[in-house]
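Here are my notes on the model, as numbered points.

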Amino acid sequence: MMTIIQNLAMYLIPFFSVLIPILLGQQYGFYLKKKAIKISDAPVGSVVGASLGLLAFMLAFTFQIVDNRYNERKSLLLEEVTTIRTTYLRAGLIPEPYKSNSRKLLVEYTDLRASIANDLTPHKLKHLKNRSQAILDSLWSYSEALGVQDRSSESYSLYMGSINDLNEIYNQRVTFTYEYRIPTAILFILAVITLFSMFLLGYQFGITGKKINIIAVLISIIFASLMWLILALDSPEKGFIRLNQKPILTLYKQLHEIK
């Protein structure tokens, strides 16, 4: 329910951020026209064209940021699946009880990653992150213990290298998914450009003396749809746009079959 409300807010706020300035600008244009103030449409059209061009640039720039991050998250997902599988196999090269304990923890870690495919509350998500970090800490403690036993062992080195890679991928994935966001300054500038551009567009409508509210609504829908897409990509943990978790779910089934 909370996810639906959040997504609705991500759509309605941009929608009214466009519609209201257009209507206000249109009314201001009507007001000047009724006052018989002569206004040349050509300069206004040039300013509107320039402001809309700048708005289009800012939207493209913002979308590029979230699109790059989405692709990075997808790449990290595939890399993590490969690293978990490799670490599970390399755990067979080390002695007991590290072998069995490592594989047990890796299966649990995979279970935690697979559960992210479901809708999670902030409390559950925090628990998953804490438990995942605890598992990685335990695996690293095994690496330290093996290193103390024999630093020259190639088998131990392979295992320790996989654990190190798994820690690095985890930190990158958490950062890209839950910490990196569109900078506030960019959103602020985008909001300012949007408000003034739409006011100018509405003003241009108004000085023509005709009400074109349907166009204002259509423009608002188009802009709100694009902004919703940008914001949804920027918040994958609470949006409708999420990565396809099939690779981690496939690994989940494979490891449980091995068990």
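1. Contact here means heavy atoms within 4.5 Å. Not counting residues up to four places away in sequence, methionine 227 touches Pro14, Leu59 and Leu190. The model is predicted: local features need pLDDT of at least 70 and side-chain atom pairs count only at pLDDT 80 or more, while totals for chains, interfaces and linings use all residues. Residues are numbered from 1 along each chain as its sequence is written, and side-chain values use heavy atoms, with hydrogens and water left out.

2. Met227 is also among the residues with the most contacts inside the largest nonpolar core, together with Ile22, Leu55 and Leu59. Apart from it lies another core, of 31 residues, including Leu128, Tyr142, Tyr156 and Leu166. A nonpolar core is a set of buried Ala, Val, Leu, Ile, Met, Phe, Trp, Tyr and Cys residues joined through side-chain atoms within 4.5 Å. Buried means under 20% relative accessible area, exposed over 50%, and partly exposed in between (1.4 Å probe, protein chains only). Helices are DSSP runs of H or I with at least four residues, numbered from the N terminus.

3. The second largest pocket holds about 260 Å³ of space. Of its 13 lining residues, Ile13, Pro14, Ser17, Met227 and Leu231 are the closest to its centre. A pocket is an open set of points on a 1 Å grid over the protein atoms alone, where a 1.4 Å probe fits, with protein on both sides within 12 Å along at least five of seven lines; lining residues have an atom within 4 Å of a point. The volume is the space filled by probe spheres set on the points, which are joined across faces, edges and corners.

4. Helices H1 (2–34), H6 (184–207) and H7 (213–234) each give at least two residues to this lining; the largest share, six residues, is from H1. By class, ten lining residues are nonpolar, three polar and none charged.

5. Threonine 62, in helix H2 (residues 41–90), counts as buried because its relative accessibility is 0%. Leaving aside neighbours within four places in sequence, Thr62 is in contact with Ile182, Ile186, Leu190 and Ile230.

6. Glutamine 26 lies in helix H1 and is buried, at 2% relative accessibility. A polar atom of the Gln26 side chain lies 3.4 Å from the backbone nitrogen of isoleucine 212. Beyond four places in sequence, Gln26 touches residues including Tyr203, Phe205, Lys210 and Asn213.

Notes: Ala, Val, Leu, Ile, Met, Phe, Trp, Tyr, Cys and Pro count as nonpolar, Asp, Glu, Lys and Arg as charged, and the others, Gly among them, as polar. A polar contact is a pair of N or O atoms within 3.5 Å; within protein, one must be able to donate a hydrogen and the other to accept it, and residues adjacent in sequence count only if both atoms are side-chain atoms.
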